[in-house]
Structures are given as C-alpha cells and as structure tokens.
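I began with the ligand site.

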Amino acid sequence: MTDSGPLYLTDEFIRNNKLLKLDKLIPVIQNAMASVSKNDEVIQPPRTIMNIPSLNGALLSMPAFCKYDDALACKLVTAYPKNADKGLPSVQGTVLLFDSTTGKVCAIMDGIEITTWRTAAASAVATKYLHNGTAVLAILGSGTQARSHAETLDYCFNFQQIRIWNHKYEGAQTLTKELTAKGKNAVAYHSVEECVQDADVIVTATFASSPILKGKWIKPGAHINAVGAGINHHSELDVDLYKLACVYTDTMASAETELKGLLEEGMTIEEVGDIINGTKSADRGMITVFQSLGMAVEDAVSAKLIYEEYKKIKK
Ligand SMILES: NC(=O)C1=CN([C@@H]2O[C@H](COP(=O)(O)OP(=O)(O)OC[C@H]3O[C@@H](n4cnc5c(N)ncnc54)[C@H](O)[C@@H]3O)[C@@H](O)[C@H]2O)C=CC1
Ligand SMILES: O=C(O)C1=NCCCC1
C-alpha cells in the first residue's frame, strides 16, 4: 500500500487560489471566538512561548481542537522583529492539520496567510461587537498586520478615512500610496497624536516595546485593536489608557500569563466571546480595547476552511 503523504499548501498557493476569503473567514473566526467562551467546544492549552533573547526572536507552539468544526491543528510560529531589515517577514510559521479521528496529518500549510488574515478577522469581529462609529480608522504600523487590518476593517466598515502612522515615515507613505491606489481616502502621518485624534477605530500593529499610544489623545468612545507583541503583549498602549478603557481579550486562559502585568495592576479583562454570546454586554460609550493575543483555535478553523476550499477546487 502506498501513501503519498500529507498535502502541502504554500502561502503563495493559498493566496493565488483565494482559499482564505474574508466573506468566509470572518464568520468562522467569529464562531471560534464565541466558542472559546462556552464550555466544551474548544481545547486550547496556553501556548508555549520560547523567547530566544540572544537572537531577538521567539518560537511559539499553538495546538488546538475545535469540536463543532472538527478541526485539529497545531501551528508553530516564529517572531523575528529584525527580519524586516533583511526583507523577510517578521512572523512566519507552519500549520499542521490532522484527521481528528485517526491523528494522521492530512495537510501541512505555510502559516503566513493564516496568521495575517485570521488576526485581522478577529479584530474586525471585536470591533463589530464593541463599537459603533466607524468614520475614521487610524493604524499605527505599516507592516503585514497593518495591511491586513486596513483591508479587513475597511471591508467590514467602509471607513471615510484611513490614517497611517509608522515609526519610519516611509513605511506610512508606502502603505498610504497602496491604499490610495485602491481608491481609499488614505493619509500618512508624522505624529501618533495627530493620527489618532478623533479617530473612531485605532489599530496598533507594531513591534514597539514601550508605549506609543496615550490615553489622553483618544476620543471618548473610541475602540482600539491592540495587536502587536513587543517585549510582552501590552507594550503599545500606556497603562493610563488601559485604566481608562474597558479591556477585552480573546482568551482569558492565555491572558492569565500573557497579560499578567495588566492583571497585577488590578485591571478587569473580559473575553470578547462573552459579548458575542450575549452573556455579557459591552459598554459602547467607553473607550474599548481589544487586546489581541492570537489563538490556536483561530489557526485551526482557518486551516480547516482552507482545506475544505482546496477540496472544492480539486474536484
Ligand atoms: N495578536 C496576534 O494574533 C498577532 C500579533 N502579531 C504581532 O503584530 C505585530 C506586527 O506584526 P507584523 O505586521 O507581522 O510585523 P511587520 O514586521 O510586518 O510590521 C511591524 C511594524 O512595526 C514597526 N516597528 C518595528 N519596530 C518598532 C518600534 N520599535 N516602534 C514602533 N514601531 C516599530 C515596523 O516599522 C512595522 O511597521 C508584531 O508585534 C507581531 O508580533 C502578529 C501576528 C499575530
Ligand atoms: O498568534 C500568533 O500567531 C502570534 N501571536 C503573537 C506573535 C506572533 C504570532
């Protein structure tokens, strides 16, 4: 008996064949976020984060099983912030998708497309459930996540203006030009304070290891998707901003360790899933922060979606 081994799908193949389209991905991610806040739906142990200080990098191991979607997967992902200087992606990975009944690997997938789009989709879901006004979007950062957030949030909310700030202004200019070429009203900013002034929705997607966004610059009722992970997962916003805001995350199980610093400050953090499920209600008049950590179940359901879409085009 011969076994041709698992299917291998590259990022390029996933992208070129549009196997991860937003109209299908966003509902899948919304279900995953909701399921995390219900019992028995998802097995997702806190991920292992192996920091390698001498290399200024990290390797994360992220396994998950999602019962309702029958998705069993594990992502191995690295974060090397200095890769940008070498023209390489800072965040790279591989996702193994298993047959849940036998444990056999059915597909190996590059993890950049999955990580790029499932993270932006999670921010879009959080924005939908925590916020109302969507006229001005301000994005801090101009890398992979900044791009996917600009596209995904604009797809969902059709902003009147998209503002971009980056610590290197050329980066902000490049992304602004790309968005303008797609017909968006996009503007590059030199100053974070001016970029976020009166913005309805703000995204932080940088490797900043000390705060770049201050509470006093933000209008009441604004919503922030804090995506970046510098030294830890709450480096980009100043502590006063967290104190001003209602703070939400994707999974409290990971927050216990990854947001320990905030919890030790006495902050209350809630799961977005509880808002989606209607077991808690959001205070939309307040500044809201979605502190995105990134969940293995998001990778698992995204990989399953890609696999199902792949089977359709191969029929
Ligand atoms: N929450 C989640 O699920 C995920 C979070 N991330 C995090 O999102 C962030 C962005 O990731 P990518 O867009 O893939 O990386 P990237 O390398 O493509 O973009 C990084 C951005 O940060 C800027 N930057 C670098 N050093 C900085 C500093 N010291 N101060 C201010 N800005 C700085 C760069 O100019 C660039 O605009 C990272 O922190 C990454 O770890 C990435 C994937 C998933
Ligand atoms: O969830 C993920 O995937 C990541 N989270 C933080 C940094 C790198 C990738």
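Entry 1. I looked up the residues around ligand 2 and found Arg47, Met62, Lys75, Thr115, Arg118, His233, Leu293 and Gly294; a residue counts as near if one of its heavy atoms lies within 4 Å. The model is predicted, so I note that local features need pLDDT of at least 70 and side-chain atom pairs pLDDT 80 or more, whereas totals for chains, interfaces and linings use all residues. Residues are numbered from 1 along each chain as written, chains are lettered from A and ligands numbered from 1 in written order, and side-chain values use heavy atoms, without hydrogens and water.

Entry 2. I looked up polar contacts (pairs of N or O atoms within 3.5 Å). A polar side-chain atom lies 2.6 Å from an oxygen atom of ligand 2 in Lys75, 2.9 Å in Arg118 and 3.0 Å in Arg47. The protein buries 88% of the 260 Å² that ligand 2 exposes when taken alone (Shrake-Rupley, 1.4 Å probe).

Entry 3. I asked why ligand 2 lies between domain 1 (7–114 + 297–314) and domain 2 (123–295). Both domains give residues to its shell; their bounds come from an automatic or database assignment.

Entry 4. I turned to the second largest pocket, which holds about 560 Å³ of space. A pocket is an open set of points on a 1 Å grid over the protein atoms alone, where a 1.4 Å probe fits, with protein on both sides within 12 Å along at least five of seven lines; lining residues have an atom within 4 Å of a point. The volume is the space filled by probe spheres set on the points. Of 21 lining residues, Arg15, Leu20, Glu113, Trp117 and Glu151 lie nearest the centre.

Definitions and conventions:
Polar contact = N/O pair within 3.5 Å; in protein donor to acceptor, adjacent residues only side chain to side chain.
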